[in-house]
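Here is a short briefing for a reader who is meeting this structure for the first time. Please look over the sequence and the model before reading on.

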There are 2 protein chains.
Amino acid sequence: GDADAARAAAERQNTLTKPPGSLGRLEEIAVFLAQWQGRAQPALETVDILVFAGSHGVVARGVSAFPGEVTQQMVANFAAGGAAINQLAKAAGARLSVVPLEVERPTGDFTCEPAMSNAEFADAVQKGYEAVPADADLVCLGEMGIGNTTAAAAVVAALFGGGGARWVGRGSGVDDAGMRRKADAVDAALACHGSTLADPLSALRLVGGRELAAMFGAALGARHKHIPLLIDGFVCTAAVAPLARLETGGLAHALAGHVSAEAAHGKVLAELGLRPLLDLGMRLGEGSGGAVAISILRAALACHNGMATFAEAGVSGG
Amino acid sequence: GDADAARAAAERQNTLTKPPGSLGRLEEIAVFLAQWQGRAQPALETVDILVFAGSHGVVARGVSAFPGEVTQQMVANFAAGGAAINQLAKAAGARLSVVPLEVERPTGDFTCEPAMSNAEFADAVQKGYEAVPADADLVCLGEMGIGNTTAAAAVVAALFGGGGARWVGRGSGVDDAGMRRKADAVDAALACHGSTLADPLSALRLVGGRELAAMFGAALGARHKHIPLLIDGFVCTAAVAPLARLETGGLAHALAGHVSAEAAHGKVLAELGLRPLLDLGMRLGEGSGGAVAISILRAALACHNGMATFAEAGVSGG
């Protein structure tokens with residue numbers, strides 16, 4: 001981050017025609033974007049929403065309300081422009097890129113084997129890293145993958161402790177029996193992989209999924225390419241959480257767009273010290289919560305870059 | 001409200017390619033707009049932000065961090081395009097109209113006399129009513145008026161009970177002594193006007209202000225013109241609250257855009273049963289919180305009107 005740019009942005013905020021602090025988090029956002037874009041007057045000309053899709057072997061355990069083939073069907077729906085994220089990207093003035101990661105080939109069933117080999121994991125991370133356009137002013141991450149709230153629950157159980165029951169939720173809408181199957185799957189995975197899960201990257205490889213690995217890679221790519229990051233829901237947050245576990249401040253370039261109705265998401269955000277911008281009861285994934293939050297960032301910069309100062313407007317200070 | 005349109009919108013939501021309910025409040029917003037626009041696929045082609053400005057005799061009591069002349073200076077800043085609401089209206093794709101209400105002539109000091117005569121009150125209400133364009137798809141209310149958080153506190157104290165200390169806050173940034181002066185002003189007003197404040201319209205006239213009366217009139221106008229209403233912060237909510245006190249459901253056509261950092265706002269929203277869409281720590285007024293929320297409504301309709309159905313997309317249901 002660029003501390004000088006952040007300082008200059010904060011100073012500018014205090015000259016604008018409003019009581020100091022009265023734009024609340026809009027002011028914080030302007031300073032945050034200045035810090036991570038490295039300029040006192042940041043911009044959101046080019047905003048990229050990256051949606052990664054993957055298939056999950058654990059679906060065979062009955063952990064989702066939808067059949068596994070819906071992942072591929074939804075990738076086709078993204079391509080045809082019919083999904084929620086297509087509409088939300090357009091409304092937010094963002095480019096949408098969908099990156100399917102071998103969706104025809106599910107990961108290993110992590111309750112009893114590694115989700116990915118080292119090579120598969122590295123490949124997915126690299127695809128995520130490379131998907132981040134160097135010219136982006138902001139990158140927003142999203143995902144699609146039937147079964148992936150169970151993978152996310154397994155990852156955060158490995159990272160933050162507690163059994164399956166602490167981290168599973170209804171996902172796309174499972175009933176109570178489905179919830180129990182999800183918790184059992186997570187507990188089985190913890191037992192199967194044991195202490196190898198203590199390493200954050202190993203956890204992501206062993207009990208995560210390709211789209212989670214790719215989001216991790218994209219978050220790393222954004223950091224290296226000096227691009228601020230907007231994260232979405234539970235699965236996305238679980239995927240990038242290893243960055244914070246590997247290094248203090250590893251997610252300092254990230255804003256949380258929306259806290260999901262999936263109860264575990266709030267717990268993960270709290271573990272990471274991230275305060276979501278929105279709480280609209282959404283639980284769709286696809287980057288939908290982050291996409292809605294883009295307009296909050298645009299509002300923040302509209303004020304930051306467009307408002308008159310007290311001196312310019314001839315308004316008396318307090 | 002149009003119950004048939006609302007029902008048709010809710011049915012449409014359940015056919016779209018997402019787990020039912022997974023767009024959370026975006027789904028509720030689509031149904032709400034259908035109900036109050038009277039069509040199953042509502043639109044936000046024409047969105048009007050109406051900002052009413054007024055001056056307050058109570059400013060002489062030292063209730064604001066800013067001098068009273070700032071109201072007129074800010075009206076000039078609105079006209080020049082330099083204020084926060086100018087930028088936020090542009091970012092939200094909304095028309096902005098600023099309606100100054102005799103800003104050169106402050107209301108009576110309501111701690112010891114009526115803020116407005118009957119004729120002055122009726123005139124301000126009518127100006128608000130008439131400011132609502134008949135062709136609007138949505139109206140968002142805002143205000144500017146140095147001293148008006150004290151007027152708003154007096155109005156809600158009259159409507160909901162409790163003394164000044166329950167309802168005053170820091171407004172544009174007063175210190176502890178300023179807070180005490182605000183609470184004293186409200187208590188003096190309650191003592192001065194006594195039981196005449198029991199009638200909600202009398203309360204608005206006696207201890208409100210011209211811009212509050214105009215927002216009340218605009219909220220009434222929106223209801224009569226079949227236009228859904230987006231309300232902003234503490235002062236705006238206090239101004240329209242009499243509608244709900246006069247008639248159950250009198251504010252059913254209103255969404256709360258944002259809960260202010262001014263602590264009393266959350267209490268008033270709770271009294272009215274309104275759940276704000278945003279909580280971004282803003283406390284500026286001008287319609288700024290409502291303006292930011294407009295993009296949430298746009299996101300809701302982008303999904304509602306633009307998404308493919310399960311049948312159209314060939315996606316398997318849950």
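This is a predicted model: local features need pLDDT of at least 70, side-chain atom pairs count only at pLDDT 80 or more; totals for chains, interfaces and linings use all residues.

Chain B can be laid on chain A with an RMSD of 0.0 Å. The two chains bury about 3700 Å² between them. Over all chains, the count comes to 30 salt bridges.

**How the two copies are related**

- Two copies of a chain are related by a rotation about an axis and a shift along it.
- Here the turn is 180° and the shift along the axis is 0.0 Å.
- The two copies are thus related as by a two-fold rotation axis.
- The copies meet through the same surface, because 100% of the interface residues of chain B are also interface residues in chain A.

**The interface**

- Chain B gives 48 residues to the contact, and chain A gives 48 residues.
- Of the area buried between chain B and chain A, about 3700 Å², 68% is on carbon and sulfur atoms.
- Between chain B and chain A there are zero salt bridges.
- Polar contacts do cross the interface of chain B and chain A: 15 residue pairs are found, with both residues at pLDDT 80 or more.
- Five elements of chain B give two or more residues each to the side that touches chain A: helix H2 (25-37), helix H3 (70-80), helix H4 (84-91), helix H13 (288-306) and helix H14 (310-313).
- H13(B) gives the most to that side, with seven residues.

**Helix H13 in chain A**

- Helix H13 of chain A covers residues 288-306, which is 19 residues.
- At 1.5 Å a residue, helix H13 of chain A should span 27 Å.
- The end C-alpha atoms of this helix are 28 Å apart, which agrees.
- Of the 19 residues of H13(A), 16 are buried, so the helix is largely enclosed by the rest of the structure.

**Asn305 in chain B**

- Asn305(B) sits in helix H13 of chain B.
- Asn305(B) has a relative accessible area of 30%, so it is partly exposed.
- Leaving out residues up to four places away in sequence, Asn305(B) touches Arg12(B), Gln41(B) and Pro42(B).
- The side chains of Asn305(B) and Gln41(B) are joined by a polar contact of 3.1 Å.
- The side chain of Asn305(B) also reaches the backbone oxygen of Pro42(B), at 2.8 Å.
- Asn305(B) and Pro20(B) are 285 residues apart in sequence, and their C-alpha atoms are 16 Å apart in space.

**Ser172 in chain B**

- Ser172(B) lies in a loop of chain B, between helix H7 (164-167) and helix H8 (176-193).
- With a relative accessible area of 23%, Ser172(B) is partly exposed.

- Side chains of opposite charge can pair when their charged atoms come close.
- Asp48(A) and Arg95(A) meet through their side chains in a salt bridge of 2.8 Å, N to O.
- This pair links distant parts of the chain, 47 residues apart: Asp48(A) is in strand E1 (residues 47-53) and Arg95(A) in strand E2 (residues 95-100).
- Asp48(A) is buried, at 2% relative accessible area.
- Arg95(A) counts as partly exposed, at 39% relative accessibility.

- Glu102(A) and Arg105(A) form a salt bridge of 2.6 Å, N to O.
- Glu102(A) is partly exposed at 27% relative accessibility, and Arg105(A) is partly exposed at 36%.
- Glu120(A) forms a salt bridge with Arg105(A) too, at 3.0 Å, N to O.
- Glu120(A) is partly exposed, with a relative accessible area of 21%.
- Salt bridges with shared partners join Glu102(A), Arg105(A), Glu120(A) and Arg210(A) into one network.

Terms used
Residues are numbered from 1 along each chain as its sequence is written. Chains are lettered from A and ligands numbered from 1 in the order in which they are written. Side-chain values use heavy atoms; hydrogens and water are left out. Copies are superposed by least squares on the C-alpha atoms of residues with pLDDT of at least 70 in both. Contact means heavy atoms within 4.5 Å. Helices (H or I, at least four residues) and strands (E, at least two) are DSSP runs, numbered from the N terminus. The expected span of a helix is 1.5 Å times one less than its number of residues. Buried means under 20% relative accessible area, exposed over 50%, partly exposed in between (1.4 Å probe, protein chains only). Buried area is the accessible area (1.4 Å probe) that two parts lose on being put together, summed over both. A salt bridge is a side-chain nitrogen of Lys or Arg within 4 Å of a carboxyl oxygen of Asp or Glu. A polar contact is a pair of N or O atoms within 3.5 Å; within protein, one must be able to donate a hydrogen and the other to accept it, and residues adjacent in sequence count only if both atoms are side-chain atoms.
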